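Reader: I'd like a close look at one part of this model, taken slowly. Could you pick a spot and walk me through what goes on around it?

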Amino acid sequence: FFFKQKTAYDLGVRLVGSEMCIRDSCMAVPILWLWSRMSISKLEVEVDRDSRRISQGGFVTTSITIRSSSWFPKIWLEAEDTGSLPVSSSGRVFTVGARGVYRWTYKTQIDRRGLYTLGPLQIRATDPFGFFSSTAEFGEPTEILVYPTPPDLPKFDIPSANLPGEGKIRTKTSQVTPSVAGVRNYLPGDSYNRFHWPATARTGRLMVKEFDMDPSSAIWVVVDLDSSVNNLDGDDQIEDTIVMTAATLVKHFNKLNRSVGLISCGQQEAIIEPGRGNAHLSAMMQVLALARSTDAHSYVDVIDRESRRFDRHITFVGVTAGEDSEVLRKITEFRFRGGTAVLLSVLHPGTTNIDSDFDSECVRSKIPRLLVHSLETIATDLTFDNKIRSRSVLNNLSLIHISEPTRRTPISYAVFCLK
């Protein structure tokens, strides 16, 4: 043991140069290690983010405040805001004086929809020579949900499905409409303008009015993210175009105060019943923000399984990048039951000509088909001019139902066609 220790000591003397140098080095090592440890001690960090839900292309503003309670300055600290963002987060090198405060603010732009995490803040300290380093994390991860930002459609519309008459299905709504359904007991949060004073005076309790949805047909937007049919494996551009097309439609119909629902078959199958309002639109946008393609759910199976939702009072809008004859057959069966259907086909990059056989099959089935060429041309593709080729299909035949179900005498009923 003594021989080994002596040999190592002699080797150190030859390499460093003198015994004094070795003694100084042995003293410097623990000092440098202690420097790196003390540099990240006694720090208080506050991280404030202005929003957790933004639109695609928006900014997240982060304000960071670092306070030191140490009597010694903190020199050459490195700070990095970690996370799963597709862009690099802010990082900087700074110095905090004795019992000092350091603040900075930065903005991060997120250009792709999805759910991301931002944080925690990681602070790293090193000694002046870079021999030792110490790292500490502050704060909790913050989830940032990025909604798609769909364009406006000034010239897009689809025909309503056949509407029932007096026998229409009653659907309650929290919005005030011209159709009063009845009265109920007051609940905290009900608006004062919904009080029904005659019923309140008669019962001795606060009573409010309930309303029905306006008699307009509902629209189902059914999104196809089946990667096995659409050839979406590794193609984020097509996936984003499909999702953005669906987001554009639900935003457009909601803006027109149409009752719109959403079905998405991707990694997570989601169904949102038809409705109206900003809260309803926000729920659909959240589903589309998280939508990802997969081969776990077949588009044909989803349509077949949810076919009970598609009656003759429904308008079916399919958004897909595939040309599956089985899907077209399912949509045709729905149209034969009296409903209205429109198919939106997202073309793959570089596609110049559509499948003539599939297009001819759509024409024979009287299913209007609109083409979306790319993410940038959604607003121009879904315009009135692009529907001229399908107008003859939409207006080829109209069924008109006339009935008088409220009469006490035998009901009169007539059905006729206009060409």
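Author: Let's start with Arg-124, which is partly exposed at 32% relative accessibility. Keep in mind that this is a predicted model. The side chain of Arg-124 meets that of Glu-78 in a salt bridge, 3.3 Å from N to O. Glu-78 sits in strand E4 and Arg-124 in strand E7 (residues 114-126), so the pair ties together parts 46 residues apart in sequence. Glu-78 is partly exposed too, with a relative accessible area of 33%.

Now over to helix H5. Its Glu-239 forms a salt bridge with Arg-113 (3.1 Å, N to O). Arg-113 belongs to the loop between strands E6 and E7, so this pair links parts 126 residues apart in sequence. Here both ends are under the 20% cut-off for buried: Glu-239 has a relative accessible area of 3%, and Arg-113 has 2%.

What about the rest of H5? Of its 20 residues, 16 are buried, so the helix is largely enclosed by the rest of the structure. The axis of H5 (residues 236-255) comes within 10 Å of that of H6 (residues 278-290), crossing at roughly 175°. That makes the two helices roughly antiparallel. On the H5 side, the contact includes Val-243, Ala-246 and Val-250, while Leu-281, Met-284 and Leu-288 are among the H6 residues. By type, the contact residues split into 8 nonpolar, 2 polar and 1 charged. Just past the end of H5, Asn-257 takes a positive phi of about 60°.

Notes:
Residues numbered from 1 in each chain as written. Predicted model: local features only at pLDDT ≥ 70, side-chain atom pairs only at ≥ 80, totals over all residues. Heavy atoms only, no water. Axes fitted to C-alpha atoms, helices over the stretch in contact; angles between N-to-C directions. Helix = DSSP H or I, 4+ residues; strand = E, 2+ residues; numbered from the N terminus. Parallel < 35°, antiparallel > 145°, perpendicular 65-115°, else oblique. Contact = heavy atoms within 4.5 Å. Nonpolar A, V, L, I, M, F, W, Y, C, P; charged D, E, K, R; others polar. Buried < 20%, exposed > 50% of the residue type's maximum accessible area, 1.4 Å probe, protein only. Salt bridge = Lys/Arg side-chain N within 4 Å of Asp/Glu carboxyl O.
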